[in-house]
Amino acid sequence: MIIQRLWHQSRWRLTMIFAVIFIAMSAILGNYVNNACQRASADYTSLISDIMLAQQSIPQPRLPTTARNHQANIQHIENIGHFFSVSKKHLDDIKNNIEHHRFLNANVISLSNHFYELHNRFSRLNLVVQAAPSRPELIQTLQHSAIELNNKQEWLYSELLYELQGLSQQQRLAMQRLSISMSVLLVLVFSAAITLCMAVLHLRHQRNLMQKLMLTDELTGLYNRRHLVNVALAALTQAQRDKTPLSLLVLDIDYFKSINDSYGHPTGDEVLRQISGRLGNLSRPSDIFARIGGEEFCLLMPNTYTYDALQVADRFRLEIENMQFEGIATGVRLTISIGVTTGTGDEHTFEQLYSFADKALYAAKTNGRNRVESMLPPISHPASNLDEKNYFHQLMSQSSDS
């Protein structure tokens, strides 16, 4: 009755119309703000971690070989079966993680078909692996299937990371629109301003965390191969411009596989963390220390001559040799082998420097381990060498299994 009486008064009628419009707009904006906040606060960190872990920990299938005896065939079948099992586990973990996110865009959801296809193929191939010991003719098929599925996995994981990067940009765009909407709702809902601030902080933290995951090794906290290559190219350009030396150390833990076999992979991971922490503390602030795969590390030393690099390398070697590790028997000592090379401002590419350091590391391994070897590039070495470049990319794309 009161509403009817007020409605008949033109002044109150206009007020009620504006009130209804205002409430409707507030509800629409409030719903938009709530939805935008949920999208902005969606955390994809665990999904990115699963993808990067899958890329780093899945063993690479070996290329087919011809001459094999029965024992070698059995071992090769077991390796292929291990590849299928590990790949399928990571694939299922990532697929389950995707299903828990409400706001993934259609491009990411559409990739689910590839997950189901790979899942089914892995399941079928596991049955073939079980039959392969009694049917050696299946080994060739399994090898080609493993290589094919590995390529499909790499493509799928790369597509996922690309889409997640796009989602991060969409989150930032959503936050900009959210800021505009919040200025309208500030009069009615002051708490929306608090939500905005929290969402901005969360987005910034998430963006920094995503960037850190892209550039660092998850286990040790060191830089990863991607960041090392990017920094090395810039450092090499600077060294060539200033005609200053640039030294490169490639380090590898001797007989590290025996630690994993004797004490377990958790202890092996802890050993890697302890070694990376100790060597990282011994490095200069200007040096770039990175883990490039498995138990292999790389130290980039700008403005450092070979003599100084060899001294640093030997100090690293002695430090690890005398180091006692938690979780390992007191009498057990770990050692490292190191390869050293130096560019002297000539037109050498980073791929070439890395190949020389890696060859020096191989020499250190061959000559008994727990030693430092150096190999310097020739002064008149050409700036571009296709074989060296292919050799470098092959090394950087493989994960160490030892």
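Reader: Which residues of H10 meet which residues of H11?

Author: In this predicted model, Phe256, Ile259, Asn260 and Tyr263 in H10 meet His265, Thr267, Gly268, Val271 and Leu272 in H11. The residues of this contact divide into five nonpolar, four polar and no charged.

Reader: What makes E2 largely enclosed by the rest of the structure?

Author: A residue is buried if its relative accessible area is under 20%. In strand E2 (residues 288–293), six of the six residues are buried, so the strand is largely enclosed by the rest of the structure.

Reader: How do you know that E2 and E3 pair?

Author: Pairing takes at least two bridges, and five bridges join E2 to E3 (residues 296–302). These two strands run antiparallel, with Gly293 standing opposite Glu296 in E3. They form a hairpin with two residues between them, and Gly294 in the turn has a positive phi of about 55°.

Reader: Why do E2 and E5 count as standing at the edges of the sheet?

Author: Look at the order of this open sheet of five strands, E2-E3-E1-E4-E5. E2 and E5 (372–374) each have a single partner strand, so one side of each is left without a neighbour in the sheet. Neighbouring strands here are turned by 20° against each other on average, direction ignored.

Reader: What joins E1 to E3?

Author: Seven bridges join E1 (residues 246–253) to E3, and the two run antiparallel.

Reader: Why is Phe297 called buried?

Author: Phe297, in strand E3, has 2% relative accessibility, so this residue counts as buried; the cut-off is under 20%. Leaving aside residues up to four places away in sequence, Phe297 touches residues including Leu222, Leu249, Leu272 and Phe289. The C-alpha atoms of Phe297 and Arg225 are separated by 9.4 Å, although these residues are 72 residues apart along the chain.

Key
Residues numbered from 1 in each chain as written. Predicted model: local features only at pLDDT ≥ 70, side-chain atom pairs only at ≥ 80, totals over all residues. Heavy atoms only, no water. Contact = heavy atoms within 4.5 Å. Helix = DSSP H or I, 4+ residues; strand = E, 2+ residues; numbered from the N terminus. Nonpolar A, V, L, I, M, F, W, Y, C, P; charged D, E, K, R; others polar. Buried < 20%, exposed > 50% of the residue type's maximum accessible area, 1.4 Å probe, protein only. Axes fitted to C-alpha atoms, helices over the stretch in contact; angles between N-to-C directions.
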